[in-house]
Structure formats: C-alpha cells, structure tokens
Amino acid sequence: MIVLFVLTIGLAICGWLCVFRTEALVEQQQKNYAKHGFVRAYPFSSMVLKSWYPTYLRCAGVFAWVWDAVIIYLVWIRKPR
C-alpha cells in the first residue's frame, strides 16, 4: 500500500512538472543534449530540439494525471474484493 501511495504522489508531481514547469524541463534537456556527447547517441534524443517538444511534455503530464486518477480509483475508491 505504501508503494502505491508513493507511486500516485510521484505521478502527480511528474504531471505537475510536465504541465506547469515545461519551459524549465525543456531548457534542462536541451542543456544535457548540448553538453554530453553520449546523450546525442540515444535514439530520438534530438526530439528535445523540436518545436513540438513542449506540447509533447504537456500531453505526457496530462497522461500521467489520468493514470494517477485510474490508480487512485481502482485501489482506494473501488476496493478490490
């Protein structure tokens, strides 16, 4: 039960960061991309430079909140029998 509680808190925080602190996350990832050569070797690593990346992060944040709501509903509201 403690693990699920930590999971729901973590998803809520990640969703909040992705939705409301998008610019800071994009800036941090672009710095990592420019600074470290091995980061550029990863597949899809150049997506942090694309213009649609902030929108992608916001959608990921909303998706995290939806999964958080599903977990809360299934575990704490609709108790398993």
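This is a predicted model: local features need pLDDT of at least 70, side-chain atom pairs count only at pLDDT 80 or more; totals for chains, interfaces and linings use all residues.
Residues are numbered from 1 along each chain as its sequence is written, and side-chain values use heavy atoms, with hydrogens and water left out.

Helices and strands were taken as DSSP runs numbered from the N terminus (helices: H or I, at least four residues; strands: E, at least two). Helix α4 holds 25 residues, which should span 36 Å at 1.5 Å a residue, and the 35 Å between its end C-alpha atoms agrees with this. The expected span is defined as 1.5 Å times one less than the number of residues in the helix.

Burial was assigned from relative accessible area: buried means under 20%, exposed over 50%, and partly exposed in between (1.4 Å probe, protein chains only). In α4, the buried residues are Tyr53, Leu57, Gly61, Ala64, Asp68, Ile71 and Val75. The elements that cover these buried residues of α4 include α1 (2–20) and α2.

A nonpolar core is a set of buried Ala, Val, Leu, Ile, Met, Phe, Trp, Tyr and Cys residues joined through side-chain atoms within 4.5 Å. The largest such core has eight residues, namely Cys18, Leu25, Val26, Tyr33, Val39, Val48, Tyr53 and Leu57. Two or more residues of this core are given by each of α2 (22–35) and α4 (53–77). Helix α2 provides the largest share, three residues. Leucine 57 touches Cys18, Thr22, Leu25 and Val26, when residues up to four places away in sequence are not counted.

Charged side chains were considered next. Side chains of opposite charge can pair when their charged atoms come close. With a salt bridge defined as a side-chain nitrogen of Lys or Arg within 4 Å of a carboxyl oxygen of Asp or Glu, the count comes to two salt bridges. In one of them, glutamate 23 pairs with arginine 58, and the closest N and O atoms are 3.1 Å apart. This pair links distant parts of the chain, since glutamate 23 lies in helix α2 and arginine 58 in helix α4, 35 residues apart. Glutamate 23 is exposed, at 53% relative accessibility, while arginine 58 is partly exposed, at 33%. A salt bridge also joins glutamate 27 and lysine 31, with an N to O distance of 3.5 Å. Both glutamate 27 and lysine 31 belong to helix α2 and are four residues apart, about one turn of the helix. An α-helix has 3.6 residues a turn, so residues three or four places apart point the same way. Glutamate 27 is partly exposed, with a relative accessible area of 46%, and lysine 31 is exposed, with a value of 53%.

Rings of Phe, Tyr and Trp (its six-membered ring) were paired if their centres lie within 6.5 Å; planes under 30 degrees apart count as stacked, over 60 as edge-to-face and the rest as tilted. By this rule there are five aromatic pairs. Among them, tryptophan 16 and phenylalanine 20 form a tilted pair, 6.1 Å centre to centre with 45° between the planes. Both of these residues, tryptophan 16 and phenylalanine 20, lie in helix α1, four residues apart. Tyrosine 53 and tyrosine 56 form a stacked pair, at 6.0 Å centre to centre and 25° between the planes. Tyrosine 53 is buried, with a relative accessible area of 8%, whereas tyrosine 56 is partly exposed, at 43%. Ring pairs also link Trp16, Phe20 and Trp65 into a cluster.

The structure holds zero disulfides, a disulfide being a pair of cysteine sulfur atoms within 2.5 Å. For cysteine 14, the closest cysteine sulfur is that of cysteine 18, at 6.5 Å, which is too far for a bond. Cysteine 59 is likewise in no disulfide, and its nearest cysteine sulfur, in cysteine 18, is 10 Å away. Cysteine 14 is partly exposed, at 42% relative accessible area, and cysteine 59 is exposed, at 51%.

Finally, one backbone angle was noted. Most residues other than glycine have a negative phi, and most peptide bonds are trans. Phenylalanine 44 has a positive phi, near 65°. Phenylalanine 44 lies in the loop between α3 (37–40) and α4, and is exposed, at 72% relative accessibility.

Technical notes. Contact means heavy atoms within 4.5 Å.
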